[in-house]
Amino acid sequence: MTAPLLYNIRMRASTGGRHISGAERLVPVEMTDGTVRELIERARSKGIDPGQIVITIDSLQGAIIQNIQALDLTAYPARDVAASRNAAGRVLQAAGVSTVALEKATMLLDAGPAPSGGTMRGAMLLDAATGERLEPDRERGVRVSRFDWSSEACAAIDRELAHIGLTHFRTREALSLASKVAHGPSVVAELCWSDDPDYSAGYASSLSTGYVRFPFMKQNGLTTGGRAFFIDRERFDPDTLISYLREEPVIISRIGRCGRINDLSQFLSYRAVNRHV
Ligand code: COA
Ligand code: AMP
C-alpha cells in the first residue's frame with residue numbers, strides 16, 4: 001500500500017513586523033481544511049491580535065519522508081534556575097558537550113545571541129568541543145521545519161505526557177522539534193529555553209540522554225532565550241545539516257518513554273550503560 005500524499009501546512013503570525021507565534025503540521029489531504037482552521041485559531045490565541053497571519057500549504061509530492069522515533073522524555077524537578085541549569089549542564093556533558101561550549105551557549109542565550117543583542121529567529125549552531133559559532137546568519141539562525149507527529153503517535157504522546165502532568169501543547173511540540181534535531185547528521189545535543197516571559201521551562205536533549213526537561217531555565221519575566229544545537233565539527237557539513245533541519249520532512253511515528261526522576265546521577269549512569277539510541 002502506498003503512503004498517502006502529505007501536505008505541510010505552516011502558520012506564522014506577527015504584529016507590527018514582530019513574530020508572535022508559529023506552528024506547522026504534516027497532514028493528509030482530508031485533514032488540510034481542519035488544520036488550517038486550527039492553526040488560525042492558534043494564531044489568535046496568544047492574547048495579541050495578529051496584524052498578519054500567513055498560512056502556507058506545500059504538497060510533499062515526491063519528497064522522501066523519514067520516520068523516526070521520538071526521544072524519551074524525562075522530567076527532572078530541579079528546584080530553581082541554578083539547579084535546573086546545573087542539571088542541564090550535566091546532561092549535555094554526558095552527551096559529549098564540553099564545559100567551554102556549554103558556558104558559551106548559556107552566556108549567549110542569557111545575553112541575546114543575535115548581533116543586534118536580542119533573541120534570534122532560529123537556533124545557533126555551536127561546535128560541541130570549542131563553542132565556536134557555525135551558523136551562517138547570526139540574526140536568523142537555523143529554523144527547523146517540516147516535522148510532525150503521526151496521528152497515532154500524537155494521541156499516544158499526549159496520553160503519556162498527561163500521565164506525568166505535562167498537558168501543555170508546547171511540551172509535545174518542543175519534543176517533536178528536539179527529536180528531529182537529535183537525528184540530524186553531526187548533531188551532538190541541544191539546549192533550549194523559551195523567550196516567552198511567562199514560560200521558564202527548558203530542556204537539554206540528545207540521542208543518548210533523550211529529552212530532559214527542567215522547570216526553571218530562566219527567571220520568570222525575562223524575554224531572553226533560544227536554542228543552541230551542539231555540533232560534531234568532524235562530521236559537520238553545513239549544507240547537509242541545514243537542509244535536513246529546514247527542508248527534509250520527518251514524521252515522528254513512534255513515541256519514546258516518558259517519566260519523572262529525582263536522582264540525576266542514577267539517571268545518567270543508567271543512560272550511559274543502556275544507550276537508548
Ligand atoms: N521568530 C522570529 N521570526 C520568525 C520566526 C520565529 N520563530 N519564524 C518565522 N519568522 C519570520 C522571519 O522573519 C522569517 O524570515 P527569515 O527566514 O529571514 O528569518 C519569516 O517569518 C519567514 O519564515 P519561514 O520559516 O520561511 O516561514 P514559514 O511560514 O515557512 O514557517 C514557521 C514559519 C514558524 C511555521 C516555521 O519557521 C517553524 O518555526 N516551524 C516549527 C514550528 C514549531 O513546531 N515550533 C515548535 C517549537 S517549540
Ligand atoms: P519558543 O520555543 O517558540 O519559545 O522559541 C524559543 C527560541 O527558539 C526562539 O527565540 C528562537 O530563537 C528559537 N526557535 C523558534 N522556533 C524555532 C525553530 N523552528 N527552529 C529552531 N529554533 C527555533
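My notes follow, from the ground rules to the domain contact.

**Ground rules.** I am working with a predicted model, where local features need pLDDT of at least 70, side-chain atom pairs count only at pLDDT 80 or more, and totals for chains, interfaces and linings use all residues. Residues are numbered from 1 along each chain as its sequence is written, chains are lettered from A and ligands numbered from 1 in the order in which they are written, and side-chain values use heavy atoms, with hydrogens and water left out.

**Domains.** I found the chain split into domain 1 (6-60) and domain 2 (67-273); such bounds come from an automatic or database domain assignment.

**Sheet.** I looked up an open sheet of 3 strands, in the order β2-β1-β3 with antiparallel pairing. For naming, helices (H or I, at least four residues) and strands (E, at least two) are DSSP runs numbered from the N terminus, and two strands pair if DSSP finds at least two bridges between them. The edges are β2 (18-28) and β3 (52-59), each pairing on one side only. I get an average twist of 15° from one strand to the next; axes are lines fitted to C-alpha atoms, for helices over the stretch in contact, and angles run from 0 to 180 degrees between N-to-C directions. Helix α1 (residues 32-44) packs on this sheet and touches β1, β2 and β3, contact being heavy atoms within 4.5 Å. The direction of α1 makes about 160° with that of β2.

Next I checked β1 (residues 6-15), which is joined to β3 by 8 bridges. R10 has T56 as its bridge partner in β3.

**Cores.** Which residues have the most contacts inside the largest nonpolar core? I noted L73, L125, W149, Y211, F229, I231 and L245, in a core of 37 residues. A nonpolar core is a set of buried Ala, Val, Leu, Ile, Met, Phe, Trp, Tyr and Cys residues joined through side-chain atoms within 4.5 Å, and buried means under 20% relative accessible area (1.4 Å probe, protein chains only). α5 gives the most to this core, with 6 residues. L245 touches, among others, V142, V144, K180 and F229. Another core, of 33 residues, lies apart and includes A87, L92, L109 and W193.

**Domain contact.** I counted 11 residues of domain 1 in contact with 12 of domain 2. The domain centres, taken over C-alpha atoms, are 23 Å apart. The two domains bury about 850 Å² between them, 45% of it on carbon and sulfur atoms; buried area is the accessible area (1.4 Å probe) that two parts lose on being put together, summed over both. In domain 1, E24, L26 and R42 lose the most area to domain 2, together 56% of what that side buries.

Definitions and conventions: Buried < 20%, exposed > 50% of the residue type's maximum accessible area, 1.4 Å probe, protein only. Lists of a residue's contacts leave out its neighbours within four places in sequence.
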